[in-house]
Amino acid sequence: MRTGDYKQTYGELVALIDSPPVWLWSTVLLLALIAAPFVLNSYALSFVMIILITVTGALGLNILTGYTGLISLGHVGFLVTGAYAYAVLVSKYHMPPLVGFLGAGLVPALASLIVGAPSLRLKGLYLAITTLAFSFIINTVILEMRWLTNGARGIQVQRPQIFGISFDSDAAFTYLCLAIAALTLFATLNIRRSRVGRAFVAIRDNDTAARVMGINLHAYKLFAFVTSAFITGIAGALYGIYLSFVSVEGFPFLLSIEALAILIVGGLGSALGAVLGTVLIVLLPEATRIVFSLFSAQMDTTFTTGAQELKSMLYGLVIILFLRFQPRGLVGAWHDIKRTWVHWPLRY
Amino acid sequence: MQYLIQLLISGLAIGAIYGLIAMGFAVIYKSTGLVNFAQGEMTMITAYIAWTISTTVSGNVFVVAVGAILAAVLLGLVIERLVMRPMLGEPVFATVMVTIGLAVILRSAINFIWDAYPHGLDIGMGRGIVHLGGIGVRTGQIAVIVTLLALLAAIWAFFRYSKVGVAMRAVAADDRTALLMGISATKVHALAWAASSVIAGIGGVFFALSYDLSPAMFQLGLKAFPATILGGLDAVLGSGLGGLLIGITENLAGGYLGSGMKEVAGFAMIIVVLMIRPFGIFGERDIERV
């Protein structure tokens, strides 16, 4: 008798959905998200929107940090570049929103090419350093290029209208975010199971071995970086539309840390992890606030006055605790639970 | 000409502060192989503690100096013991991410413990102006440059002649062999964190003396970063000198090209340095190009 989960062909191994329960859960999740705007109030719906936008950005970073194993501390730079590219194209030059989204992907991709080409030749933490530098330089560049970006005054952004469909209402905008997040999810999952994705993972696991196997390290690292910047830029455009106002202050450095926290909490190198991590990290401050307010009203006020500080403290704490006690993240924990469930009462 | 000299001197003064913090980076990198992204925050905490001592206990220079140094040592040891030591043997990626998490926590903790308003550290000196050949220089600026030079000499002697310094170099060169020789790597790491915290903390206190304490001070760490890269991540003395270079470059860029350039000059330099000489001016050439 066969026990356990066997894969007998290569096709089975790389299949996106490999079992009926996963089909079921994916469908349930999709239906729930489609029903969300009708059921939830606008406060809860704003969290759904934020989660969908953040998932897009986190999946973008996941290609770089999760698959290829390169740290970027400056992804907020691509986020803000994407948001500005969209805002300038659509609000200032009145281009159609689809062109805006394309620009929001291409401009950060171009920027990443400039940053990545010199720094990706080196091994180790150097990309973290240059991207950190990039995220500060880009803010100054945006503030200095007043003729294009209005400097510190920022740019107003309207909700878009694509193919005659207006995405003005919250419900419609949620669907737009859902569509883009779902597309990104499929795109990253497909990258992961293609030749390119396997090259990324090979570079992450052992770059010397990858080189020996004939993978052009510089080209593939650069490709991962550019793809990651493209997706992050689109998430930035969505975030700009959500805020309805694009300015340098809207994209604080904390967002870079938040993105890394999402990947670590979820589990590096897994699209499911990016999704789980996003849900946890986005809802964590709110959940903590609710728990604290149960204890006393005074704690509730502390939470409102020091919201930003508490939020970043939580992120820091979550990063450290997960790295220390559950380095494989929520996905790792889920795998452990699954294995215990399947094999119980045997150990393995 | 007057303008240029003025720029150079204030560049040297701020550069000396960057240099001190950059040495903090380098000390930790040299002995543990880690880039400590919480360096700026540690600097800031020491400066805030110095300010608290000066307002609550005594404004005497020596009391503040001794108190700040002790606090910095304690801070370094506590962080090493509680946060970094459990991560020993984990991949570099995880450990570096821990320092990033630590940075975020420390930064918000400062906003909680102290407030978000700027404060001046006043210990009765450092703000007076001395005239050197017609150019006004603050005594605090002279003091920080002198301190940097003195510390550079002291650290050079420490690594060259003292037994502990040699042990630290041994751990940096090859920790396994060092362990076989009977050197305790954990002690060396603890010492490195304490030393780094003190050196950077001195820079932070001088910054508070010449400018102001504010929650934005953690950016000093980011500004000092280019100095470490320029001098060489594993070169403690080089990082100190790199700080001076970055300070001057920044001030010249700010003085002649506009204030926006001042903010990014250091970062622009990082990218140039990484392209031309990624191991820095004084660093050892062991960067792998894979």
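Trainee: Why is B:Val61 classed as partly exposed?

Mentor: B:Val61 is partly exposed because 13 other C-beta atoms lie within 10 Å. A residue is buried with 20 or more other C-beta atoms within 10 Å of its own, exposed with 12 or fewer, and partly exposed in between, the C-beta atoms being placed from the backbone. The model is predicted, so local features need pLDDT of at least 70 and side-chain atom pairs count only at pLDDT 80 or more, whereas totals for chains, interfaces and linings use all residues. Residues are numbered from 1 along each chain as its sequence is written, while chains are lettered from A and ligands numbered from 1 in the order in which they are written.

Trainee: Where is B:Val61 found, and what separates B:Val61 from B:Ile123 in sequence and in space?

Mentor: B:Val61 belongs to helix H3 (residues 61-84) of chain B; helices (H or I, at least four residues) and strands (E, at least two) are DSSP runs, numbered from the N terminus. B:Val61 and B:Ile123 are 62 residues apart in sequence, yet their C-alpha atoms are 6.0 Å apart in space.

Trainee: How many residues of chain A are in contact with chain B, and which element gives the most?

Mentor: Two residues are in contact if their C-beta atoms, placed from the backbone, lie within 7 Å. Here 35 residues of chain A are in contact with 36 residues of chain B. Elements giving two or more residues to this side of chain A include H5 (97-119), H6 (126-144) and H15 (307-325). H15(A) gives the most, with 10 residues. The chain A side divides into 21 nonpolar, 7 polar and 7 charged residues (Ala, Val, Leu, Ile, Met, Phe, Trp, Tyr, Cys and Pro count as nonpolar, Asp, Glu, Lys and Arg as charged, and the others, Gly among them, as polar).

Trainee: What span does H15(A) reach, and which of its residues are buried?

Mentor: Its 19 residues reach 26 Å from first C-alpha to last, close to the 27 Å expected at 1.5 Å a residue, that is, 1.5 Å times one less than the number of residues. Among the buried residues of H15(A) are A:Lys311, A:Tyr315 and A:Phe322.

Trainee: Which residues have a positive phi although they are not glycine?

Mentor: Most residues other than glycine have a negative phi, and most peptide bonds are trans. A:His94 has a positive phi of about 55°; it is in the loop between H4 (75-92) and H5 of chain A. With 8 other C-beta atoms within 10 Å, A:His94 is exposed. A:Ser244 has a positive phi of about 60° and is exposed, with 10 such atoms within 10 Å. The peptide bond from A:Trp344 to A:Pro345 is cis, with omega near 10°.
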